[in-house]
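Please read them with the coordinates open beside you.

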Amino acid sequence: MAGKPLVLYILYVGASADLTMNNNNNSVQIIEKRIRSSANILSRGSLDNFVPFGHCLIDEYHFFSTNLNWGDAQTYCREHFTDLATIERAADVARTGIPTFGWIGLHDLPAAWYKVMADHSNSWRWSATGATSPGGYQNWDPIEPNNYNSIELCVSTNNGKWQDNDCRLIAPCLCYKDLSGVKQFFLVNDTWRTWPNCQSVCRQQYHDLAMIQSETENQAATTALSGQNAAWIGLYRNIWAWSDGSSNNYIKWITGAPSNSQNNEHCVNMDYKGVMNDSPCSNTMGFLCHEVKKRATVVKAQMWIQTKVDLNEASVSEQLFKQLEDRMKEEFPKTGFKLQWSKTPAYG
Ligand SMILES: [Ca+2]
Ligand SMILES: [Ca+2]
């Protein structure tokens, strides 16, 4: 057909049954069939060259006003939906439907870090390996770690007893290097440094900040302190994780949060403005679940159109688009389409 080819991007949000299938080609064929079956959408044109361009997941939020503690809310959301809510960007907040405030999936559960060497995303790990100790060795001071004021994510040794502390505090650096399988420890004490600066200097001069994985190594490390009471060692952790394991780091705290008041605020709630606060997980309140439900597929199609008008003109293309979209909506009232003239798609 003679005419002017235009590249068209179509975001198709179909019924979940069509779109949850794993076979991408199959779902693109379904989309193509549906669009072709309304072949008269353009009186003088045709759609051709369907190419799958990409997929994205469409998620939905569900708010419940029943008062539950964080753990029970998590269980409920996991049983009925995907998980407690993950918020990835400011724009998500408007979609949540939270009337006041409620639990979201953000947490820092002590089971992952309180006197344990575990493999959770909040757990302690060593600078040299990025991993926890396989043997589980640890030697905390009796009341440590306590994440006081919610800012203690780096570890120092105090005559062999470990403490979590604010990474910005300055102290001597205890470094190590491995000599034929035996760790040797070295104190860098020319000036006192923050934990990140100790990490840099240890990596420059030795191997890394001290990694201590047995009683023998802890004794050798303590001896290397040479009379200094305390020094940074290589243990650290990341605070806050999403219940669904998502790795996004969007957090918007209320002023003064997180505070970990009384060492007991390990779960996060959010208000209707998207402002978050750390609270005791045993508090009961409404909660926000998250459902990853629909799969959206972007297809790229070439559209041939016979026309005398200039399609590059915005008003013309807008009008044509509106007609196309209206016809598709008539044809498939329960299916979402978004159309776009573009050299690059906005979705995917
Ligand atoms: Ca502490
Ligand atoms: Ca708080």
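Predicted model: local features only at pLDDT ≥ 70, side-chain atom pairs only at ≥ 80, totals over all residues.

1. Strand E8 (171-179) and strand E9 (182-193) run antiparallel and are joined by eight bridges. The two strands form a hairpin with two residues between them.

2. Most residues other than glycine have a negative phi. Ser180 lies in the loop between E8 and E9, and it counts as exposed because 4 other C-beta atoms lie within 10 Å, where the limit for that class is 12 or fewer.

3. E8 also pairs with strand E10 (residues 208-209), again in the antiparallel sense, here over two bridges. Within this pairing, the bridge partner of Tyr176 is Asp208 in E10.

4. A positive phi is found at Asn263 too, where the value is near 50 degrees in a residue other than glycine. Asn263 is placed in the loop between E12 and E13, and it is classed as partly exposed because it has 15 C-beta neighbours inside 10 Å.

5. The loop between strand E12 (241-242) and strand E13 (267-271) also holds Pro258, which is joined to Ala257 by a cis peptide bond with an omega of about -5 degrees. A cis peptide bond likewise joins Glu144 and Pro145, and omega is about -5 degrees there; Pro145 is located in the loop between E5 and E6. Most peptide bonds are trans, and I would ask the reader to view both sites with that in mind.

6. The loop between strand E5 (125-126) and strand E6 (152-158) also contains Ser133. Is Ser133 buried or exposed, or does it fall in between? It counts as partly exposed, because it has 17 C-beta neighbours inside 10 Å, whereas 20 or more would be needed for a buried residue. Once its neighbours within four places in sequence are left aside, Ser133 is in contact with Met117 and Gln213. The C-alpha atoms of Ser133 and Leu235 are separated by 9.9 Å, although these residues are 102 residues apart along the chain.

7. Ala85, in the loop between strand E3 (83-84) and helix H4 (90-96), shows that a loop position can be buried in this model, and it is assigned to that class because 30 C-beta neighbours lie inside 10 Å. Leaving aside neighbours within four places in sequence, the contacts of Ala85 include Tyr61, Thr96, Ile104 and Gly105, and also Leu288, Cys289 and His290. With Ile104, Ala85 has a C-alpha to C-alpha separation of 5.0 Å, the two being 19 residues apart in sequence.

8. For the protein as a whole, the secondary structure comes to seven helices and 16 strands, and buried residues make up 28% of its 348 residues. Among the contacts between residues at least 6 apart in sequence, 70% join residues that are at least 24 apart.

Technical notes: Residues numbered from 1 in each chain as written. Chains lettered and ligands numbered in written order. Helix = DSSP H or I, 4+ residues; strand = E, 2+ residues; numbered from the N terminus. Contact = placed C-beta atoms within 7 Å. Pairing = 2+ DSSP bridges.
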